[in-house]
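My entries are kept in the order in which I looked.

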Amino acid sequence: MNNIGLPALRWVSLVCAPLFLLACSKAPMPADMASAVEPVTVQEWSKHGGTDAEQRFSPLEQIVPANVEQLGLAWAFDLGVSRGIEVTPLVVDGVIYVTATWNKVSALDARTGELRWQFDPQIDRSKAADLCCDAVNRGVAYSDGKIITGTIDGRLIALDAKTGKKLWDVVTVDQSQPYTITGAPRIVNGKAIIGNGGAEYGVRGYVSAYDVNNGDMVWRFYTVPGNPADGFENPAMAKAAETWKGEWWKYGGGGTVWDSMAYDPELDLLYVGVGNGSPWNQNIRSPGGGDNLYLSSIVALRPDTGEYVWHYQTTPGETWDYTATQHMILAELDIDGKPRKVIMQAPKNGFFYVIDRATGELLSAENYVPVNWATHIDKKTGRPVEVPEARWGGRAPHLQLPGPFGGHNWHPMSFSPDTGLVYIPAIEAPYIYSDDKNFSYKKGHWNTGADSAMGSLPTDMAQFKAMKAALKGRLLAWDPVKQRPAWQVEHGSPWNGGVLSTAGGLVFQGNADAKLVAYRADTGERLWDFFAQTGIVAPPISYQLDGEQYLAVASGWGGTFTLVYGGLFPAGSDAGVGRLMVFKLGATAKLPALAASTMAKPTPPASTADAATIAEGKQLYDNNCVVCHGDHVVSSGLIADLRWSPLLHSDEALKAVVIDGGLTSRGMPAFKGIISESESRILRAYIISAANEGLEEKLGIGK
């Protein structure tokens, strides 16, 4: 831990909306006793980010540095799955609502963990083939007795909050296209706002608003222009089209709104974060360049109509998967002696932005992680000053920071008005960007225009250790006024959980080492931890019932980094455990013991292919399979390890799955028309070679 000092900031106020909704309810009791018992005060977490401002700050202060060591497990609920649990729970009227893999919603008693109801939307699991980054979901929204949830297959569903009964169910996407929903809806002025994902697969992004009472669509705002021959939906799209070249619409364009939003009720502005281009490689997507609006932008809209108001583009001409979908926070800061209403974001590109949220004016931007694609952000123009070599399309490969995992990914930050700091789950993960020399657009499949083999880690021991040392994660306390670190804590993996800060002077974050940890908010001193048995990527929340403060977090190791590199960088945990865990002072509950693994690795077929065939097979694997089955065919454990699959024992068995789609019902895509029968045999030869290599032993993984 590096203590760099606490920023001296004067904070004017929070956003005009109240920090939390306060409600009063009565616990069940006999009628003749009701008058003798005081109402129970419930302090809730009823919105995704705590409030519309998305600060993820709890005003509760019962748990403090002096007593945090007394924090213990009150109860835990087994979610039944563990594949990438990214949910932010909501707490309303003493009930906690949580989602898990495949969009199952559970309603639990927030005091005891007793199950009230569950709802299973019955997802067609073949849609997992359209997910870039695991079968995840980030939570539900609450509105006037309704729970609103999005699903992987592109639906928006309203449930009765008391019973779980389905009230309405609408399709928000063209389900023949590779659209998905992984994000949590937001509720603004009686409308449920939802975006979608799928940019890597070739879709056109948009965000939509639905009436919470009946599911009718109220408006839709596209984030990138479509085919000019079809006309433009509004002046904003006509203006955006001037910044694109070629025939971008044939590739979809991208720009999906798959995660972050925020709302300012005083300005009546909805802010949405827009994602990367499709394909990533701008040289393919928009030959000749252009800013490609509104990729990688914060866009301000009128929430009642979807009317465009302003935008700020963090990465013009995006070509690195530098999304601006990362968490956005609204606050009031004292800048140059004046109070400013700001929106703050640490997007993937590595710069921390403070922007006037009324106008979109850039106030400041500095890099919060090492950056080598741009030297700085020009204050006058608001644009990055790029390093020419970094624009890799059509040029030599470029080793770059940040890579496509970003300097900060989807994991939420937190802002404490008490310390004036933003707490960022920061990442350092270099990547070599290089053209896919054999690129051809594959409808419904991975289309980046980048050579994925360049992201494969070296298998030489010394080189592997050097690369492992270059992959870093940290909890970074950032001063948004002075634009510099206050303190930072280093982690053993780049992929760690979202953050909560509290009025009790604490910051909570889970990590890849399966620990939920409490830090002092002012210095970063580590004060308490709890072993969760599996890595934590989800963010914690806090709520109060009957005068007691609770802390809740969902565990479940997963997400895109885990799928690709989780086998080579194993978490200090079990990949098969996913739970909602709730803590309070003095609690002493225990998690059930982990069952010892008794699975023996089968003997793979002998490797008989020559080096050229194996090299060709690796290229096929890296460009088609690595995003799910892991680098060098070393699985994270979330998905079956292909090295030990019975499919390896015959060419026909592998063909039946890879080409003919024998496992599409379990989320394995069919590559018919993408991979030929001869290529399937070459792919099998590479996997067999990897199975015989003994890479874990060779690299000392897990030792």
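The entries below go from cavities to a pocket, then to cores, a histidine and some backbone geometry.

**Basis**

I am working from a predicted model, in which local features need pLDDT of at least 70 and side-chain atom pairs count only at pLDDT 80 or more, while totals for chains, interfaces and linings use all residues. Residues are numbered from 1 along each chain as its sequence is written, and side-chain values use heavy atoms, with hydrogens and water left out.

**Cavities**

I searched the whole structure and found 6 cavities of 30 Å³ or more. A cavity here is a set of points, on a 1 Å grid over the protein atoms alone, where a 1.4 Å probe fits but cannot get out, and lining residues have an atom within 4 Å of a point. Grid points are joined across faces, edges and corners, and a volume is the space filled by probe spheres set on the points.

I read about 640 Å³ for the largest cavity, which is lined by 43 residues, with Cys-132, Cys-133, Asp-321, Trp-446 and Thr-560 nearest its centre. The elements that give two or more residues to this lining are helix H4 (560–565) and helix H6 (626–629), and H4 gives the most, with 3 residues. I note that helices (H or I, at least four residues) and strands (E, at least two) are DSSP runs, numbered from the N terminus. By class, I have 20 nonpolar, 14 polar and 9 charged residues in the lining of the largest cavity. For these classes, Ala, Val, Leu, Ile, Met, Phe, Trp, Tyr, Cys and Pro count as nonpolar, Asp, Glu, Lys and Arg as charged, and the others, Gly among them, as polar.

I then turned to the second largest cavity, with a volume of about 150 Å³; 18 residues line it, and the closest to its centre are Lys-47, His-48, Asp-52, Arg-186 and Ile-187. Strand E10 (141–143), strand E14 (186–188) and strand E19 (261–264) each supply at least two residues of that lining, the largest share, 3 residues, coming from E14. The lining of the second largest cavity divides into 10 nonpolar, 4 polar and 4 charged residues.

**A pocket**

A pocket differs in being an open set of points, with protein on both sides within 12 Å along at least five of seven lines. For the second largest pocket I noted a volume of about 400 Å³, and, of the 22 residues that line it, Asp-436, Asn-438, Lys-442, Asn-623 and Asn-624 are the closest to its centre. Helix H5 (residues 611–624) gives the most to this lining, with 5 residues, and the classes are 6 nonpolar, 9 polar and 7 charged.

**Cores**

I took a nonpolar core as a set of buried Ala, Val, Leu, Ile, Met, Phe, Trp, Tyr and Cys residues joined through side-chain atoms within 4.5 Å, where buried means under 20% relative accessible area (1.4 Å probe, protein chains only). The largest such core has 73 residues, and Tyr-271 and Trp-310 have the most contacts inside it. Helix H8 (residues 677–693) gives the most to this core, with 6 residues. A second, separate core of 54 residues includes Leu-71, Ile-85, Val-95 and Ile-96.

**His-408**

I found His-408 in the loop between strand E30 (398–400) and strand E31 (414–416), and this residue counts as buried because its relative accessibility is 0%. A polar atom of the His-408 side chain lies 2.8 Å from the backbone oxygen of Ala-346, and the backbone oxygen of His-411 lies 2.6 Å from a polar atom of that side chain. Leaving aside neighbours within four places in sequence, His-408 is in contact (heavy atoms within 4.5 Å) with residues including Gln-326, Tyr-368, Met-413 and Ile-424.

**Backbone geometry**

The loop between E30 and E31 also holds Pro-402, which a cis peptide bond joins to Leu-401, with omega about -10 degrees. I logged another cis bond from Ser-278 to Pro-279, with omega near -5 degrees; Pro-279 lies in the loop between strand E21 (277–278) and helix H2 (282–285).

Gln-483 is not a glycine, yet I read a positive phi of about 55 degrees there. Gln-483 sits in the loop between strand E34 (472–479) and strand E35 (484–491) and counts as buried at 8% relative accessibility. Gln-533, also not a glycine, has a positive phi of about 75 degrees; its place is in the loop between strand E39 (526–531) and strand E40 (541–545), and Gln-533 is buried, with a relative accessible area of 7%.

Technical notes. Buried means under 20% relative accessible area, exposed over 50%, partly exposed in between (1.4 Å probe, protein chains only). A polar contact is a pair of N or O atoms within 3.5 Å; within protein, one must be able to donate a hydrogen and the other to accept it, and residues adjacent in sequence count only if both atoms are side-chain atoms.
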